[in-house]
Amino acid sequence: MLKLYNSLTRTKEDFVPIDPDNVRLYACGPTVYDYAHIGNARMAVVFDLLRTVLSGLYPNVTYVSNITDIDDKIMKAAAEQGVPIKEITEKYTQIYNEDLDALGVEEPDIQPKATEHVDDMIAYIEALIADNYAYEAEGHVLFHVPAFPKYGGLSGRSRDDQIAGARVEVAPFKKDPADFVLWKPSSDDQPGWDSPWGRGRPGWHIECSAMSAQHLGLPFDIHGGGADLKFPHHENEIAQSVCAHGHPDDLSSFAKFWVHNGFLTVEGEKMSKSLGNFTLTHDLLEQGVEGEAIRLAMLSAHYRQPLDWTKDKVEQSKKTLDRFYGILISQLDANVQPGVFSDDFLNAIYDDLNTPKAIAELHALAKDIEKDPDDIEGLSAFVNGGLLLGLFYNDPEEWLAPKETTLDEAYILEQIAARQSAKDKKDFTLSDKIRDDLAAQGIVLKDSPDGTSWSVE
Ligand SMILES: [Zn+2]
């Protein structure tokens with residue numbers, strides 16, 4: 001029996017699907033205007049794992065994760081670059097999926113785009129207005145929070161907290177300071193859609209309510225996302241969905257389980273652009289970090305715990321995988337039995353996806369196999385466990401092959417000399433750029449008192 005921590009009830013519960021023939025899962029996807037940071041990747045890895053675990057237990061799982069392709073940040077990026085928003089959103093959607101593919105994340109069954117569901121959102125908003133949960137004001141449509149007394153039930157935040165926490169000035173047309181936007185007007189030079197309230201665009205929260213209902217039906221089993229989305233995004237999704245579907249007294253009439261993955265810090269600090277520690281999955285991959293090592297590092301902490309992203313953790317994961325692939329390559333001809341798992345491994349996974357414990361069990365199995373290479377049952381449990389975690393998707397021979405580079409050694413040495421000369425002139429922008437350019441080509445530099453050496457990573 002799978003147990004999951006349900007943020008809505010704040011307890012670990014037995015997972016019982018609404019329809020055992022089709023388990024339905026939704027997770028909030030990215031807003032595509034830039035490269036995704038590793039916090040986004042953590043979310044994708046966690047729900048990819050959850051989907052795999054559910055797929056092992058039930059015949060069908062439908063996993064929907066949206067793409068937010070209309071948003072003020074996207075519009076700003078498009079205006080700055082002088083291109084249509086589609087050019088930005090298509091580019092970054094593709095990069096997002098490619099980068100996650102490198103982490104062994106399978107694409108969702110359905111990846112709906114907000115811009116393709118504006119009609120659904122308009123219908124949703126009309127239903128909310130008809131039942132007096134929403135109102136139109138100056139080309140905007142707002143959800144009226146006081147009309148929904150159960151507001152705040154997921155995050156435990158009161159309406160007053162929310163108002164006190166709001167940093168932006170309250171728009172004069174709001175009936176209540178807590179009211180939030182469902183629709184807003186677009187100027188002629190902004191992307192927009194015709195609606196009963198004039199040309200405009202949807203607010204962010206309504207996207208997920210409309211797209212999850214459209215593709216999964218209500219109620220569905222599990223709604224997921226990062227803990228940072230709990231308030232206000234998920235709170236607002238619940239408000240819209242349960243009110244539009246006529247169950248304002250039952251918060252679970254939208255999704256039964258709410259699963260949230262924890263925050264991510266980088267070397268002990270909050271990740272932020274101003275601290276200069278903003279870490280992009282794309283950059284890590286370009287620097288030659290193996291996607292599978294990133295995945296294992298992400299799973300090394302329990303999904304609900306904060307994850308501190310450190311260089312050390314990734315290197316450790318790489319070493320672990322070197323060991324695991326060493327076992328796989330020595331057992332290429334072994335007759336691995338499908339469906340064989342160790343009890344300790346499965347118990348850990350079924351206990352709210354306790355991946356640190358499951359990984360510890362893989363280490364224990366690895367140790368046993370190293371002692372007794374003929375233990376097929378142990379080997380099978382090891383291989384199947386790794387596969388369930390979404391690991392072992394690389395070719396063992398390729399993984400263990402010594403790394404080579406197609407770059408000319410003379411060129412690399414030239415670059416190292418150019419970097420040294422930039423450093424001597426205190427042009428650190430240039431010296432960093434040379435180092436990063438080499439890293440992007442798989443060459444890692446190591447500085448020591450004796451000078452700079454290089455290796456292929
Ligand atoms: Zn959402």
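Visitor: At what angle do helix H2 and helix H3 pack, and how far apart are their axes?

Guide: Please keep in mind that the model is predicted. Two packed helices are described by the angle between their axes and by the distance between those axes. Helix H2 covers residues 72–81 and helix H3 covers residues 85–102; they pack at an angle of about 110 degrees, and their axes are 8 Å apart. Angles of 65 to 115 degrees count as roughly perpendicular, and H2 and H3 are therefore roughly perpendicular to each other. The crossing of these two helices, H2 and H3, is right-handed. On the side of H2, the contact is made by Ile74, Met75, Ala77 and Ala78, while H3 contributes Ile85, Ile88 and Thr89.

The surroundings of this pair may now be considered. The domain assignment gives domain 1 as 16–261, domain 2 as 332–401 and domain 3 as 409–456. Between the C-alpha centres of domain 1 and domain 3 there is a distance of 44 Å.

In the protein as a whole, the secondary structure comprises 16 helices and 15 strands. Its radius of gyration is 25 Å, close to the 23 Å that the globule rule gives for 457 residues, so the protein is as compact as a globular protein of that length. Along the principal axes, the C-alpha atoms fill a box of roughly 70 × 60 × 35 Å. Of the 457 residues, 40% count as buried. Among contacts in the protein with a separation of 6 or more, 72% are accounted for by residues 24 or more positions apart.

Methods
Residues are numbered from 1 along each chain as its sequence is written. This is a predicted model: local features need pLDDT of at least 70, side-chain atom pairs count only at pLDDT 80 or more; totals for chains, interfaces and linings use all residues. Helices (H or I, at least four residues) and strands (E, at least two) are DSSP runs, numbered from the N terminus. The radius of gyration is taken over C-alpha atoms; the globule rule is 2.2 Å times the number of residues to the power 0.38. A residue is buried if 20 or more other C-beta atoms lie within 10 Å of its own, exposed if 12 or fewer, and partly exposed in between; C-beta atoms are placed from the backbone. Two residues are in contact if their C-beta atoms, placed from the backbone, lie within 7 Å. Domain bounds come from an automatic or database domain assignment. Axes are lines fitted to C-alpha atoms, for helices over the stretch in contact, and angles run from 0 to 180 degrees between N-to-C directions. Angles under 35 degrees count as roughly parallel, over 145 as roughly antiparallel, 65 to 115 as roughly perpendicular and the rest as oblique. A crossing is left-handed if the near helix is turned anticlockwise from the far one by less than a right angle, and right-handed if clockwise.
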